[in-house]
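Visitor: I have this one open on my screen and would like to go through it with you, if you have a moment.
Guide: Gladly, let us look at it together.

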Amino acid sequence: MEVQRGSYTISTDPARLQFDVIHDFLANQSYWATGISRETLQKQIDNSTLHFGLYDGDRQIGYAQVLTNYTSFAYLGNVFVLEEYRGQGLSKWLMATIMSHPDLQVTRRWLLATRDAHGLYRQFGFTELAKPETIMEKFDDSAIRQ
């Protein structure tokens, strides 16, 4: 899948991903994956279901990944737009593209984790857990750096 908006492109082609851009942002600029090793990130990318690369011409400027079984569950993670490209509506366009992907239209439950982008995700139907008593997690923050 590929969509255009001016000089910008969103593509789900994993061959277009620029690993160094993704790793640099996640390891050095994100709060959720600080210090992620190249090996761990490569494993994440290799085992994710869908990748959404955001490009300005040939330069990757954003990314999101979806882990899904295409019916009952999808986890949205590692969503970012490089700082110099923010404020142009690109994160909204990226989210709209993800949420309208034809293979994800019957997905029953979406999850994500965010510390600071609640306003963005609410625009696409995300809310706090409706039934937090039914959701559990096992979280190990140190695992990402292994």
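Guide: One term before we start, because strand partners will come up: two strands pair if DSSP finds at least two bridges between them. Please also keep in mind that this is a predicted model.

Visitor: Okay, then what is the bridge partner of tyrosine 63 in strand 5?
Guide: The partner of tyrosine 63 in strand 5 is phenylalanine 80. Strand 4, residues 59–68, and strand 5, residues 73–81, pair in the antiparallel sense over six bridges.

Visitor: And the sheet, what is its strand order?
Guide: The sheet is open, with six strands in the order 1-2-3-4-5-6 and mixed pairing. Its edge strands are strand 1 (2–5) and strand 6 (109–111), each of which pairs on one side only. On average, and with direction ignored, neighbouring strands of this sheet are turned by 20° against each other.

Visitor: Which strands does helix 1 lie across?
Guide: Helix 1, residues 19–28, lies across strand 4 and strand 5, and it runs at about 90° to strand 5.

Visitor: Which residues form the aromatic cluster?
Guide: Phe25, Tyr31, Trp32, Tyr63 and Phe80 form one aromatic cluster, and Tyr63 and Phe80 are the bridge partners we began with.

Visitor: What about charges, which arginine lies over the face of tyrosine 31?
Guide: That is arginine 115, at 3.9 Å from the ring centre of tyrosine 31. Elsewhere, the charged end of arginine 16 sits over the ring of tyrosine 55, 4.1 Å from its centre.

Visitor: Changing topic: how many residues are in the largest nonpolar core?
Guide: The largest nonpolar core has 38 residues, and those with the most contacts inside it are Leu76, Ile98 and Trp110. Several elements each supply at least two residues of this core, among them strand 2 (8–11), helix 2 (38–47), strand 3 (50–56) and helix 4 (118–122). The largest share, six residues, comes from helix 3.

Visitor: What does leucine 76 touch?
Guide: Not counting residues up to four places away in sequence, leucine 76 touches Ala64, Gln65, Val66, Met95, Ile98, Trp110, Leu111, Leu112, Tyr121 and Phe126.

Visitor: Back to helix 3, why is it described as largely enclosed?
Guide: Seven of its ten residues are buried, so helix 3 is largely enclosed by the rest of the structure. The buried residues are Leu90, Trp93, Leu94, Met95, Thr97, Ile98 and Met99. Leucine 94 has 0% relative accessibility, and, leaving aside neighbours within four places in sequence, leucine 94 is in contact with Ile10, Phe52, Tyr63, Ala64, Val79 and Phe80. The C-alpha atoms of leucine 94 and serine 11 are separated by 9.9 Å, although these residues are 83 residues apart along the chain.

Visitor: Last one, where is tyrosine 70 found?
Guide: Tyrosine 70 is found in the loop between strand 4 and strand 5, and it has a positive phi of about 70° although it is not a glycine. Tyrosine 70 counts as partly exposed, at 29% relative accessibility. Asparagine 78, which is not a glycine either, has a positive phi of about 55°; its place is in strand 5, and asparagine 78 is buried, with a relative accessible area of 10%.

Note on methods
Residues are numbered from 1 along each chain as its sequence is written. This is a predicted model: local features need pLDDT of at least 70, side-chain atom pairs count only at pLDDT 80 or more; totals for chains, interfaces and linings use all residues. Side-chain values use heavy atoms; hydrogens and water are left out. Helices (H or I, at least four residues) and strands (E, at least two) are DSSP runs, numbered from the N terminus. Axes are lines fitted to C-alpha atoms, for helices over the stretch in contact, and angles run from 0 to 180 degrees between N-to-C directions. Contact means heavy atoms within 4.5 Å. A nonpolar core is a set of buried Ala, Val, Leu, Ile, Met, Phe, Trp, Tyr and Cys residues joined through side-chain atoms within 4.5 Å. Buried means under 20% relative accessible area, exposed over 50%, partly exposed in between (1.4 Å probe, protein chains only). Rings of Phe, Tyr and Trp (its six-membered ring) pair if their centres lie within 6.5 Å; planes under 30 degrees apart count as stacked, over 60 as edge-to-face and the rest as tilted. A charge sits over a ring if NZ of Lys or CZ of Arg is within 6 Å of the ring centre and within 35 degrees of the ring normal.
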